[in-house]
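Here are some notes for a colleague who is coming to this structure for the first time. Please read them alongside the sequence and the model.

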Amino acid sequence: MDKNRLIVAAGAVALGIILQLLIWNGTLNAYYAQVLTMMSIFVIMATSLNLINGITGQFSLGHAGFAAVGGYFSAIITTRLQLPLPAPMIFTISLLVGGLIAALAGFLIGLPTLRLKGDYLAIATLGFGEIIRVLFLNWKYVGAAAGMWGIPGYTNFIWAYMLAVLTVIFIVHFMNSSHGRACISIREDEIAAETMGINTTKYKVMAFTFGAFFAGVGGAVLGHLIRLLHPATFSMTFSVEILLMVVLGGLGSITGSISAAILLTFVSEALRKFNELRMVIYALMLIGIMLFRPQGLFGRKEFSLDLLTDSRFMFKSSKNRGA
C-alpha cells in the first residue's frame, strides 16, 4: 500500500472513531446514527456491485438476491443456533457464513450466466435474484411470507462503518492487483483480452463471486440492523437502487460509488415523508445524469491526495492506479 492509500485509510478510520464518539456522547442522536449506519451498508452494496458492473464491465441485476442469501443465513446463525460464544464472536461468524454462502451462490450462478453478455446477462441475473427471493418466500424455516422476526440487533454504526472500510480496501487492492487489471482489460475489450491469453470466464466469475460475498455481508449487516428480514425487502427495486448508486457515481469509480451511496441515502431519508415520490425523483436523477453527465459524477476517476499539492491532480484516472 502506497503512502496516499495509507493516509486515506488512516483518515477513514479516524473519521469512524470521531463519529462513534459523537454518537456515544449524544451529539449525534439515534436517528443520525441510524442514517450513518445505512450509508455504510449501502457503501458496501454499491462498491461490491461496482466490482462487477463497473470494473469488470458486466451487467448484473441480482445483487438483492445475494444480499438476501447473506441476510437470511447470517440470521439463522444468530437466531436458530444456540452458540455458547460472546455476542461479537457470534455476529462475526454469522457475517462470514452469510458472505461465504452468498459467494457460493454467486459462483454457482455466475459460472453458467457470465458467458452471456449485455442485456442477456442482466435478464439472467435478474431471474436468479427473483428465484432466490421466491425460495425464501416459501421456506417456512425462515418464516416464509411472514418474514424472519426476532433477529438480534447486533449492528451498530461502528460495525457497519468498519465493514464498509474493509470492503473498500479489499476492492481497491483487488483493482490494483494483476487480477484486477485483468478484469479491467475485460471491461475495455473482452476480445482483445482473450487474444492476450486472459481467461475471461475465470476473471468474470471471480469478480462476480467477490461481489456476491460483500453483498451477502451487506445483507447480513442490514438484517441485524432492522431486526427483520422479509423477501419483499430484497425485490428488484432493491437491486435497481444499488445499480443507480453505481451509475450515478460512475461505473468503475470506487469514489463515485461511495459518494453516490451517501448522497442517495441522504435523499431517501429526506424524502421519507413523501415515500411515493422517492422513485420518481430517483428516475429523474438518473435521466438527468444520462443527459448531462452520462459517465456519472466521477466517471472512472478517483479522488486523490495529490490535489493538496497540485490541483491538476485532483482526480486521478483509474487507468493510472497501478502506476
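**Notes on aromatic contacts and helix packing**

1. Please keep in mind that the model is a predicted one.

2. Aromatic pairs number 17 in the structure. In one of them, the ring centres of F66 and F208 are 5.5 Å apart and the planes stand at 85 degrees, so this pair is edge-to-face. Because F66 belongs to helix α3 (residues 63-79) and F208 to helix α9, the pair ties together parts that are 142 residues apart in sequence. F66 counts as buried at 2% relative accessibility, and F208 likewise counts as buried at 1%.

3. F174 and F210 form another edge-to-face aromatic pair, with 5.5 Å from centre to centre and 80 degrees between the planes. Since F174 lies in helix α6 and F210 in helix α9, this pair ties together parts that are 36 residues apart in sequence. F174 counts as buried, at 7% relative accessibility, whereas F210 is partly exposed, with a relative accessible area of 28%.

4. How do the two helices of that last pair run? The axes of α6 (residues 157-175) and α9 (residues 200-226) come within 11 Å and cross at roughly 175 degrees, and the two helices are therefore roughly antiparallel to each other. In their contact, A160, L163, T167, F170 and F174 of α6 meet M206, F210, F214, V217 and V221 of α9. These contact residues divide into 9 nonpolar and 1 polar, with no charged residue.

Terms used. Residues numbered from 1 in each chain as written. Predicted model: local features only at pLDDT ≥ 70, side-chain atom pairs only at ≥ 80, totals over all residues. Heavy atoms only, no water. Axes fitted to C-alpha atoms, helices over the stretch in contact; angles between N-to-C directions. Helix = DSSP H or I, 4+ residues; strand = E, 2+ residues; numbered from the N terminus. Parallel < 35°, antiparallel > 145°, perpendicular 65-115°, else oblique. Contact = heavy atoms within 4.5 Å. Nonpolar A, V, L, I, M, F, W, Y, C, P; charged D, E, K, R; others polar. Phe/Tyr/Trp six-rings, centres within 6.5 Å; stacked < 30°, edge-to-face > 60°. Buried < 20%, exposed > 50% of the residue type's maximum accessible area, 1.4 Å probe, protein only.
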